[in-house]
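Subject: Structure handover

Hello,

Here is the structure I said I would pass on. Please look through it once before you read my notes below.

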Amino acid sequence: MLSKKSTVQFNGTEAQQQELLQMISELKDEKGSLMPILQRAQDIYGYLPIEVQKIISDETGIPLEKIYGVVTFYSQFNLNPKGRYRISVCLGTACYVKGSGDIYNKLMEKLGIVGGECTPDGKFSLDACRCVGACGLAPVMMVNDEVYGRLTVDDIDEILAKYE
């Protein structure tokens, strides 16, 4: 209903692709090289879209489905790009009982995306997290490294306006 799955189009550059190919050629023959290749590829692109996974598969001979399985298994890897402003809402117990679920839902509604996605303009991405260590300020959300606490759904518009 809210989202048609991330509509941000992959737009890797020639320089990024050359960096990726060079790095793969240096690492591909080492035992256990898939994880370092994926980590470095994500450093290059900021995430691991299917286009990048396909290049890795083609260059290493590792089946695409194995690469996809590794990427989706480990939480350190992102299939979708992150926005210029990364919004993270704490859904840990202290925050959740004080209404962070409502804040998360309001953000999905306002941004037109679901958790893990990025707005089509690349401005905002939304994720849930489990604890930011600010339970005394519950409910809490972060925009990049800025912490917002003691939130209500009525605070969302004002916070988003700071980043427009």
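I start at the end of the chain. Glu164 is exposed, because its relative accessible area is 64% (exposed means over 50%, buried under 20% and partly exposed in between, with a 1.4 Å probe and protein chains only). The side chain of Glu164 meets that of Lys123 in a salt bridge, with 3.7 Å from N to O (a side-chain nitrogen of Lys or Arg within 4 Å of a carboxyl oxygen of Asp or Glu). This pair links distant parts of the chain: Glu164 is in the segment after helix 7, Lys123 is in the loop between helix 6 and strand 2, and 41 residues separate them. Lys123 has a relative accessible area of 15%, so Lys123 is buried.

Before going on, note that this is a predicted model, in which local features need pLDDT of at least 70 and side-chain atom pairs count only at pLDDT 80 or more, while totals for chains, interfaces and linings use all residues. Residues are numbered from 1 along each chain as its sequence is written, and side-chain values use heavy atoms, without hydrogens and water.

The chain as a whole

The chain has seven helices and four strands (DSSP runs numbered from the N terminus: helices are H or I with at least four residues, strands are E with at least two). Along the sequence they follow the pattern α-α-α-α-β-α-α-β-β-β-α. The C-alpha atoms fill a box of roughly 55 × 30 × 25 Å along the principal axes. The chain has 164 residues, and 41% of them count as buried.

Other salt bridges

The whole structure holds four salt bridges. In one of them, Lys82 pairs with Asp127, and the closest N and O atoms are 2.8 Å apart. Lys82 lies in the loop between helix 4 and strand 1 and Asp127 in strand 2, so this pair ties together parts 45 residues apart in sequence. Lys82 is partly exposed at 27% relative accessible area, and Asp127 counts as partly exposed at 23%.

Another salt bridge joins Lys110 and Asp157, at 2.8 Å from N to O. Because Lys110 is in helix 6 (residues 100-111) and Asp157 in helix 7, this pair ties together parts 47 residues apart in sequence. Lys110 is partly exposed, with 41% relative accessible area, and Asp157 is partly exposed with 41%.

Aromatic rings

There are four aromatic pairs (rings of Phe, Tyr and Trp, the last by its six-membered ring, with centres within 6.5 Å; planes under 30 degrees apart are stacked, over 60 edge-to-face, the rest tilted). Tyr85 and Phe124 form a tilted pair, 5.8 Å centre to centre with 40 degrees between the planes. Tyr85 is in strand 1 and Phe124 in strand 2, so the pair ties together parts 39 residues apart in sequence. Tyr85 also pairs with Tyr163: the centres are 4.9 Å apart and the planes are at 55 degrees, so this pair is tilted. Tyr163 is in the segment after helix 7 (156-161), 78 residues from Tyr85. Tyr85, Phe124 and Tyr163 form one aromatic cluster. Phe124 counts as buried at 4% relative accessibility, as does Tyr163 at 13%.

The cysteines

Which residues does UniProt list for "binding site"? The unreviewed entry lists Cys90, Cys95, Cys131 and Cys135; UniProt positions are given in the numbering used here, feature names are shortened, and annotations may be inferred rather than shown by experiment. Cys95 is in helix 5 (residues 93-97) and counts as buried at 2% relative accessibility. Cys131 is in the loop between strand 2 (124-129) and strand 3 (141-143), and is exposed at 51%.

Met141 is in strand 3 and counts as buried at 0% relative accessibility. Met141 and Cys131 are ten residues apart in sequence and 9.8 Å apart in space, C-alpha to C-alpha. Leaving aside neighbours within four places in sequence, the contacts of Met141 include Ile87, Ser88 and Val89 (contact means heavy atoms within 4.5 Å). Ser88 is in strand 1 (residues 85-90) and is buried at 18% relative accessible area.

Regards
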